[in-house]
Amino acid sequence: MIVLPTESFQAYMEHPQVKRMYLTDIGFFPCAKHHFRERREGIEEYIFIYCTEGKGTILVEGQEYTLRENQAFCIPRLKKHLYYACREDPWSILWVHFNGEDTCLFPLDQQKPVTFSSENAANRMHFLFDLLFRVLDGSYTLGNFIYISQVLSLILGETYHREKENTTLEQNKQVTNVIRYMSRHLEENLKLEDIAEEFELSKSYLNAIFQKYTQHPPMDFFLNLKMKRACRLLRATDSYVYEVARQLGYSDQYYFSRIFKKVVGMSPKEYKHSDNPPFRSTDGC
């Protein structure tokens, strides 16, 4: 446990980079049996608690939360609170009291446990806290106070802003698999229901992850893939427009031509014979 005598370093605290984020207390309590703390008036600083093992209970303004291994929780400043270790499985916690102008950039008042579901995320948290302890074991210089401010911001960024790796990887994998499926079925007239059923996803979820990772609804993306294939067939083969249309699942050549012109910016025939065709599609052909 380290308590910084911040009143002795007031000049540092006024530095533009330090006052953005600074700590006042920090500690590590391993297997903290019988650990209990109550503050009926709260304190001036935010209290960030990261549980490395075991579990404990946190109450803020009467609202109860359970904190478990690889979870973090922030107690808002000036709020009545108490917290204690579980009797049967006492927690081990890394904790820090902090304040600063940049606290408003993080959802520190949401009062919600945040779970670190990957081993890499947990390792990063341990590493960042270890950096703080190492710096605080050294000299109390302005440079070190600035460094501490940056590491604190990284801890909060890791907790609240870094996308959780498991979720991101899973969603990326789903989008990639759907795009590959689309590419293998360009000759078909797939519907959103067909794709959702194939991958056992809801239509709303499929729409959401496509918008997130491609900035397009899935069926717009599929249409663009079709038109890209049409562009290649028109430029690289001697196929007639009606033959290209049929290869892409369009029985009506004129309907295909209208869609092509809407996406690409000119008719298939004009595109085939143009030396420098323009594109309206966001993805190009």
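Strand 5 (residues 55-60) pairs with strand 6 in the antiparallel sense over 6 bridges, where pairing takes at least two DSSP bridges between two strands. Within this pair, leucine 59 sits opposite glutamate 64 of strand 6. Please keep in mind that this is a predicted model, in which local features need pLDDT of at least 70, side-chain atom pairs count only at pLDDT 80 or more, and totals for chains, interfaces and linings use all residues. Residue numbers start from 1 along each chain as its sequence is written, and side-chain values use heavy atoms, leaving out hydrogens and water.

Zooming out, 4 strands make an open, antiparallel sheet in the order 3-8-5-6. Strand 3 (36-39) and strand 6 (63-68) are its edges; each has a single partner strand, so one side of each lacks a neighbour in the sheet. Strands here are DSSP E runs of at least two residues, and helices are H or I runs of at least four, numbered from the N terminus.

Next comes helix 2 (residues 119-136), with 18 residues. Its buried residues (under 20% relative accessible area, 1.4 Å probe, protein chains only) include Met125, Phe129 and Phe133. Among the elements covering the buried residues of helix 2 are strand 4 (46-53), strand 9 (92-99) and helix 3 (142-160).

Finally, look at helix 5 (residues 192-199) and helix 6 (residues 203-214), whose axes come within 9 Å and cross at roughly 95°. Helix 5 is therefore roughly perpendicular to helix 6, a label for angles of 65 to 115 degrees. In their contact (heavy atoms within 4.5 Å), Leu192, Glu193, Ile195 and Ala196 of helix 5 meet Lys203, Leu206 and Asn207 of helix 6.

Technical notes
The expected span of a helix is 1.5 Å times one less than its number of residues. Buried means under 20% relative accessible area, exposed over 50%, partly exposed in between (1.4 Å probe, protein chains only). Axes are lines fitted to C-alpha atoms, for helices over the stretch in contact, and angles run from 0 to 180 degrees between N-to-C directions. Angles under 35 degrees count as roughly parallel, over 145 as roughly antiparallel, 65 to 115 as roughly perpendicular and the rest as oblique.
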